[in-house]
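Please keep the structure open while you read.

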Amino acid sequence: MALMKHSFSKRSLLGLGLGLLIPGAAPAAVTPAASIRIDLAQQKAPVPPTLYGIFMEEISHAFDGGVYAELIQNRSFEEGVLPPGMKLVKKPDGGMKMELESLPPGVPKEKWDMPWPWNGNCGWDANRALLGWSLENRGGATGGMSLTTDHPMNAASSRSLAMKIGPPSETTGGVALINSGYWGINVRAGTPYDFKCYLRPGTFTGTVTASLESGDGKRLGQHEFGGITPAGRWQCLTAKITATGSDPAARLVLTFRGTGELLVDWVSLFPPTYKTRPNGLRPDLATYLEKLKPSFVRYPGGCYVQGLSWESAPDWRTMVCPPEDRPGQWGYWQYRSTDGFGYHEFLQFCEDIGSDAMYVAFCGMTVHPDNNMPLDRIDPVIQQTLDAIEYALGPGTSKWGAVRAKMGHPKPFPLKYIEIGNEHPPAIYGDYYKKFRDAIKAKYPDMVVIMSMFWSGLNQPAIDRAGDGNIDIVDEHSYKPSGWIRNNFDYFDKYPRKPWGIYVGEYAHHHGGGDWSAAMDDSVYLMMLERNGDLVKMASYAPLFVNVNQRNWGVNLIEYDSSRSFVHSSYQVQQAYAENRPDVNLGTTVDVLPPPDPDRPLFAGRFGLGSWSTVDEFKEFRIHDEAGKLVASDDFTNLAQWEDPGIGQWQVENGVLKQTDPNRGPTSLFLKQPLKTGRVTVKARRVGGNEGFLMFFHAAGPERYMFCNYGAAGNKFSAIQGTPAEGIATTGGGDLQGAIEDNRWYDISLVVTKNSAEMLLDGKRVSRVEANSQPAFFATAGYRKADGTVVVKATNYNATPLVARIRLDGATQVSAAGQHIVIRADNPEAENSLTQPDLIVPQVLPLTGCSKDFQVTLPPYSVNVLRIPAK
């Protein structure tokens, strides 16, 4: 069968090493096919060895309760400490929130409130102060606990736990101080745990037992300390507790038997750590990162770097000391960080896994866009950054090099990059960057100084203020909706080439909670980055970690709870791509079959009516075709035309269709007849509830649909919303502000053409979206010089296998035996999970019959890496 070649626009995609193939789903009778023609003599942009890295930020308990192995939550009782530079104010609902104590001169008072979207992270829960801790009086004992600022343990500790202990009436009784860890402590039989605690005995006389208990109270290991006698100084208790049983939801229990009052602070419990380092990392999570073999590690943020106020921004100098002496800080993501995984541990981890370190420095600009430290006061902050570099690279005789040596590392660390701040929109950020860069380059001329951009695209006004010649590399972030890359595969092709390069410091496609659809999109995005290696030098996915019990961001690379973990399929894609990074791109053209069907109605699907937590009524339902001919109608004498029962409580009465469940959302009742194109009209009335009414279209059932949402978001506005089918992208939109009134009949209508949908209310346009087919196949090719291998990367979005014909022009010798790495899923919504961690994993298959001209079948919904030995 002959292959049909696509016609492209004047800016041809051919020869750029990209393939845009098979828009939309192919007809079932035609097997998708592609021709990938590779010219070994046509070398294109190099692919930088620095391209694939990782980004570590304290978000979603990535560090505390995540990769940092400490098992005790709120170990130093500092969780309820208000961050410096902030004050508490009462909200209209009676709750509390944080607000800046002050802003720079000239900023009007009405701007002091934290603006969107940062205001969502200014909430305050006074009950957090004893997060993780509880008290049980056992066996007739009496006791109590409260926080105190008296007799601090050290300068880093602002509070400790004051305990009053009364004698038990039973010999086995006592006052039990319990920590539940980060949603449970994972205890495994035979495993030794390192316990440490500080006590100021005060007037207490008695004994202390540290034990591990299961969730149902069974003892899994313990250590009895000797008698404690009254004293006015802090004492350190340490023990190694070997577990005799297992429980992923265990607890640490300190049992006090005796009488008197005492203070407790800095309670710590560590399991065995990655590379057995003290104050170390959780082995399974650290090993995931090691296996990625990242060229660099970015740390510690992200928004975490900026701080809510100048005073609350992270200061690395408080992290290069014993963990007990670190004050920690309130992080941007609404919980306190111990800084146990601090600057020193970050540098050590980079060394351990053979990666270059990238430190993101606070630049005097916070998340509040008007709370920027004046440039004439910025020198101490710049010095703080210079000192951070000295700590990593300076000789042991330097001030901060000596501190590094005291921390047990006399040799320099592999610090290569410094990024100045994170996501600052004001144009004046360019002045901040330039001042930092000038100071850094004067002392460390080889340091790569990165300029941060905003959420998406370039901050051109800031770039202009800094000047192209004064920029090493810019960090552009790229959080995109599912399918974005399929219509923007030439995004970086169109970028002007300047003296500086691009670092994509945070990227991810979002679909659901992260699934195979998003991973396929990420694979194509990485193809684009490789193909533009002359411009794009580095990239890192974000966020990296999430504890499933506190999800601050929708899509993440690695998930875990106290005892289990898994990697998302995007991790598998990055690992396969990084391990098979070519040195150089090769000229590649891609041809496809079948061509797109220009007459296919892209919004075809099922039609339905519905509501969301609202009682609604409908009448006089009509459908006219595009010529205006009436093709369907219902005056609701029965539900014969509808798939009854639907979701909700549906009934007909006196020519009116009623949905009477006020609590269900969404409810739906689908028409048996599918809707391809035409005009749907119906009268609708809101009887009562939270919102208005819904019209579903382009639906595949209750799980996936587009819909006209009248009275959305608590009856605030109306708009077209929803998710189109795989392979279809939508543009446009719009909304109509205002509520749907009770007990008023509205004329609602939907006009569907082959590539558009328009929503109307009483004849007035509310919203309009357009659809276009997305390419369903992408391919690039490059060459690895060391082992003489052509590397083809190809993603097949089709629901059916695709036969690819590969031609190697200019090859003088091709080995018949290659390798086919395939990552695939049965459907785009599939994903790994805690219960199915290996649902989507790479398969390494033999690639046989390789020659200058051969065929290979690529599975449906698959990401493929083909290794073809050739010269």
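A crossing is called left-handed if the near helix is turned anticlockwise from the far one by less than a right angle, and right-handed if clockwise. Helices here are DSSP runs of H or I with at least four residues, numbered from the N terminus. This is a predicted model, in which local features need pLDDT of at least 70 and side-chain atom pairs count only at pLDDT 80 or more, while totals for chains, interfaces and linings use all residues. Residues are numbered from 1 along each chain as its sequence is written, and side-chain values use heavy atoms, with hydrogens and water left out.

**Helices α3 and α4**

- α3 passes α4 in a right-handed crossing.
- Helix α3 covers residues 343–353 and helix α4 residues 379–393; they pack at about 45° with axes 11 Å apart (axes are lines fitted to C-alpha atoms over the stretch in contact, and angles run from 0 to 180 degrees between N-to-C directions).
- That angle makes α3 oblique to α4 (under 35 degrees counts as roughly parallel, over 145 as roughly antiparallel, 65 to 115 as roughly perpendicular and the rest as oblique).
- On the α3 side, Y343, H344 and L347 meet A388, I389, Y391 and A392 of α4 (contact means heavy atoms within 4.5 Å).
- This contact of α3 with α4 divides into six nonpolar residues, one polar and no charged (Ala, Val, Leu, Ile, Met, Phe, Trp, Tyr, Cys and Pro count as nonpolar, Asp, Glu, Lys and Arg as charged, and the others, Gly among them, as polar).

**Helices α8 and α9**

- The axes of α8 (residues 516–531) and α9 (residues 569–579) come within 8 Å and cross at roughly 25°.
- α8 is therefore roughly parallel to α9.
- Their crossing is right-handed.
- Residues making the contact include W516, L526 and M527 of α8, and V573 and Y577 of α9.
- By class, the α8 contact with α9 has seven nonpolar, four polar and two charged residues.

**Cavities**

- There are five cavities of 30 Å³ or more (a cavity is a set of points on a 1 Å grid over the protein atoms alone where a 1.4 Å probe fits but cannot get out, and lining residues have an atom within 4 Å of a point).
- The largest cavity holds about 160 Å³ of space (a volume is the space filled by probe spheres set on the points).
- Its lining has 20 residues, with N74, S76, R336, S337 and T338 nearest the centre.
- The second largest cavity has a volume of about 50 Å³, and its lining includes S76, M153, W266 and R326.

Key. Helix = DSSP H or I, 4+ residues; strand = E, 2+ residues; numbered from the N terminus. 1 Å grid on protein atoms, 1.4 Å probe; cavity = no way out; pocket = protein on both sides within 12 Å on 5 of 7 lines; lining within 4 Å.
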